[in-house]
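Dear colleague,

I am handing over the structure below, and after it I set out what was found. Please read the notes with the coordinates open beside them.

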Protein chains: 2
Amino acid sequence: MTSTRPDHGYPEIAWAGWGDPADAAPLSAALRGLLAQALGVHREGTPVPALDAVRPSPSTLPDAARSALVAAVGAEHVREDDDARLRHTRGRSTPDLLRLREGDVGDAPDAVVLPDTHDQVLAVLAACAAERVAVVPFGGGTSVVGGLEPQREGFAAVIALDLRRMDQLVAVDSISRTVTLEPGLRGPDAEALVAEHGFTIGHHPQSFLWATIGGFAAARSSGQASAGYGRFDEIVVGLRVATPTGTLDLGRAPKSAAGPDLRQLVLGSEGAFGVITGVTVAVQPQPAERVYDGWRFPSFAEGTAALRRLVQDGPRPTVLRLSDEVETALNLARPDEVGQDGASGGVLAIVGFEGTSANVGERRAAAEAVLRELGGTPDADAGPAWEHGRYKGPYLRDALLDAGALVETLETTTFWSNLPALYQAVGDALRESLSAQGTPPVVLAHVSHVYPTGASLYFTVACAQLDDPLAQWRRAKAAANDAIVATGGSISHHHGVGIDHREALAREIGPLGVALLRAAKDAVDPTGILNPGVLVAPAP
Amino acid sequence: MTSTRPDHGYPEIAWAGWGDPADAAPLSAALRGLLAQALGVHREGTPVPALDAVRPSPSTLPDAARSALVAAVGAEHVREDDDARLRHTRGRSTPDLLRLREGDVGDAPDAVVLPDTHDQVLAVLAACAAERVAVVPFGGGTSVVGGLEPQREGFAAVIALDLRRMDQLVAVDSISRTVTLEPGLRGPDAEALVAEHGFTIGHHPQSFLWATIGGFAAARSSGQASAGYGRFDEIVVGLRVATPTGTLDLGRAPKSAAGPDLRQLVLGSEGAFGVITGVTVAVQPQPAERVYDGWRFPSFAEGTAALRRLVQDGPRPTVLRLSDEVETALNLARPDEVGQDGASGGVLAIVGFEGTSANVGERRAAAEAVLRELGGTPDADAGPAWEHGRYKGPYLRDALLDAGALVETLETTTFWSNLPALYQAVGDALRESLSAQGTPPVVLAHVSHVYPTGASLYFTVACAQLDDPLAQWRRAKAAANDAIVATGGSISHHHGVGIDHREALAREIGPLGVALLRAAKDAVDPTGILNPGVLVAPAP
């Protein structure tokens, strides 16, 4: 017998930080010294308050809505207790965390509703449409773009629709190599269920341990092994979606010419067009071998050229990423050792291969020849170090915020020829904005997702906190967004739009692009209850 | 200096048949015998009338519209002569051709308008929206699904918007390996321009010689080398679209999480959402080597298993196709020799490789091992024969229609596990419908596009014509559509929707899917002038 559900409970993520609080790591002395010397961090940040020291406003859920929700999912699955409400307040961007640290829980939902089936989701949406209650679909709660920050105006209340009970493996098709999953499955649980059939999904974003299948689809997630397995929007072959006006079942074939690909309209819709209740993904055989090699290059430009060569001419690795000079020097690939410069200078690439033993051996050897030809030298420690730390980065942010640093990440993407200009422009915008505010930052970046025609850029920025770190970051973020739009990048490679990128998206796709999104939303959500304000501005 | 435009004029396709009339091939005596013996074809079909023997109804283009169109594109580019109007009447499905043979040119546009720039297209659309004139974007005119058959009700007139003058190579980005092309470029001209920069697009559908870049994008075309280069909707990375309400510029990066992928809403919109005026495609280095090998398998099931193995586990060929037993026996891969059974039985696969010499050598050798393991035996003649005949199939249809046979193709797609059921159901539907009409057909099929999770099925059906071959085919086609929808296939893998598949599409994507398409159309085309009736039914 194989399992259809995880064999364990659903761990709660830290209420105002990352992951499992037990895994939080203190800052090394070296890093503390670096913060003081290099960034002028001289006082602690606001600490995370205890969960029971914070109280949300009283729930405004109307009685009629409560009754309808109870009728839809059962009384025990309509939670209005403070604990549930606070644990569904906002996502995990630095602004989200800064506000939670200040005790600002103004975005707490009035209730948390936990449906178990597609039909229950339909019933919840119908009830909410009738009672003017906004609905925020909630998976892992790891949005870093304001995706869980609904605009309340015009609604009687807001509920978080937590999909954790929808955690079944629904179907396995071993011939077609597809698996149908419910949306509430977290990354590791989905992988474990699929592994029982000899398969892997291969989707491993940094949020893997906490984020969910539905969230991956809704936000167009991209994993660390995207070069090998594809982005999640490429892995998805079928979608079931519950909307206030009914059900969408999409994906009768891998690819089709039966009109526009409506799956691609749902992927990236971030809960604003419907609630994803089923996801059919392409799966691969479990790889017999996984190796991640480190390679050093003299410069980011040379390293980038090597990545481009591999993805354009092959052999194509499964994992392919490259830190710039600053990120390499700071050794962020080893969060446990940040600040201990074990680096020999230059830039560090991670080149990973997964597959059968023979296939990995062939591709790895061929890649080695290419990388050496292009100036690369092996770094034996870097690959295992990256693998060890691949999901740990966000814990470091909590410790840095504790210590009084302001730290955040952002990302973008463009075609290869424009990558150097975009890299420069976004870095400059962050440095100029924060320096002008009196807090010169350190800005580091890496390429972590590659395509034959282009790549992503992922920036990490850190500086000393001002008295109002939220306003401080908002200015810097606005400067970065402006630089991305002006330099021809896309406002997000894999974090999504949420509320934080909505204005930049409007500039990216133009008024007609916005009109198309607005029209799609109005067609399936005429009362506008779905994640209001996310992706597109509420109807005026 | 490299060229930015083709160095030759724009050849006209046969007005009521396929391609260049000079290339039309007469039927072999063997095939004539087969038609009589096997299908009971005993009298000639209606011949194609001379172009000057047919007259369309007088143009209903209002004077105000004519003036506005002349102002937009110049008087010489607004053609109302019979020749131009007749040459833009319908597409190239068998029903289209049967009606043209009968002299039914009821769908002739009232004028043919030939813009030269994006801004001219915008001006034409604005004029037509103001004057209630329907607009049929026209590329190569090779639609086989009623994509050029507008519904006139509610409009003062209909124009064909012929994009042949928009035939420039606009930009080459050798670093990103992308090329931006205007929509009116035909396949060979686009390839020739791109080849001057050392690249290939690699998109070679059977319509390659006549169809256009804009048409490939609008209809989600898929080429014979899709296993290697991808479908056209995978090759496209950027789109410029003119609509009655303005311009859409899409594609700032290969992939993005900046909301839904709106490119995928335009791809497959078949002129109903806008006129594609610029297409940026990913290109590959010109392959140094191209080899196409023939392989025999004992049965379609065994051959299908071999295709699935190659696309799932590699090595992945560039071209991968498999004829079923009947198609193999009829030897349709060699249209010059149809009916001369040189086959040794079983089924025939074509396994092609394109790339560098070393890469082709490695993949070919590895594939050979897999194919032998799975029961394949090489057929030395079949590969070159397929290459020789790869664009010739449609000429055969004209000759068969002349001879009194009814012949048409249709296609579908599904996941691998459902492929046998779909193959059986569609074949049965065609055989049953036509046998019940007293004309038992021959039905042949092949798989020509493969994915890790599924594949396409392409059917060719031939029988004797009844007195009303149009009605005869419509009944058979309806039966096939019903079988596709009922068996879980998609109504089209690469032909598109047009008017012929609109009802089946509605069943495939459901009322909410139709509502999404309708909403997108209304957002960009509020007066509904764009290809009315194609893809979605006109607003009631």
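Helix α5 (residues 118–131) of chain B lies across β2 (111–113), β3 and β4 of chain B, and runs at about 150° to β3(B); axes here are lines fitted to C-alpha atoms, for helices over the stretch in contact, with angles from 0 to 180 degrees between N-to-C directions, and two residues are in contact if their C-beta atoms, placed from the backbone, lie within 7 Å. Helices (H or I, at least four residues) and strands (E, at least two) are DSSP runs, numbered from the N terminus. This is a predicted model, in which local features need pLDDT of at least 70 and side-chain atom pairs count only at pLDDT 80 or more, while totals for chains, interfaces and linings use all residues. Residues are numbered from 1 along each chain as its sequence is written, with chains lettered from A and ligands numbered from 1 in the order in which they are written.

The strands under discussion belong to an open sheet of 4 strands in chain B, in the order β1-β2-β4-β3 and with mixed pairing, where two strands pair if DSSP finds at least two bridges between them. Its edge strands, each pairing on one side only, are β1 (78–79) and β3 (133–138) of chain B. β3(B) pairs with β4 (residues 157–162) of chain B in the parallel sense over 6 bridges, and Pro137(B) has Leu161(B) as its bridge partner in β4(B).

Turning to helix α4 (residues 94–101) of chain B, 7 of its 8 residues are buried, so this helix is largely enclosed by the rest of the structure; a residue counts as buried if 20 or more other C-beta atoms lie within 10 Å of its own, with C-beta atoms placed from the backbone. Among the buried residues are Asp96(B) and Arg101(B), and what covers the buried residues includes α15 (393–403), β16 (405–415) and α17 (469–486) of chain B. Just after α4(B), Gly103(B) takes a positive phi of about 80°.

Strand β14 (residues 347–355) of chain B is likewise a buried element: 9 of its 9 residues are buried, so the strand is largely enclosed by the rest of the structure. Val347(B), Ala349(B), Val351(B), Phe353(B) and Gly355(B) point one way, and Leu348(B), Ile350(B), Gly352(B) and Glu354(B) the other. β14(B) pairs in the antiparallel sense with β12 (residues 289–297) of chain B over 9 bridges, and 4 bridges join β14(B) to β13 (residues 319–323) of chain B, also antiparallel.

Best regards

Conventions:
A residue is buried if 20 or more other C-beta atoms lie within 10 Å of its own, exposed if 12 or fewer, and partly exposed in between; C-beta atoms are placed from the backbone.
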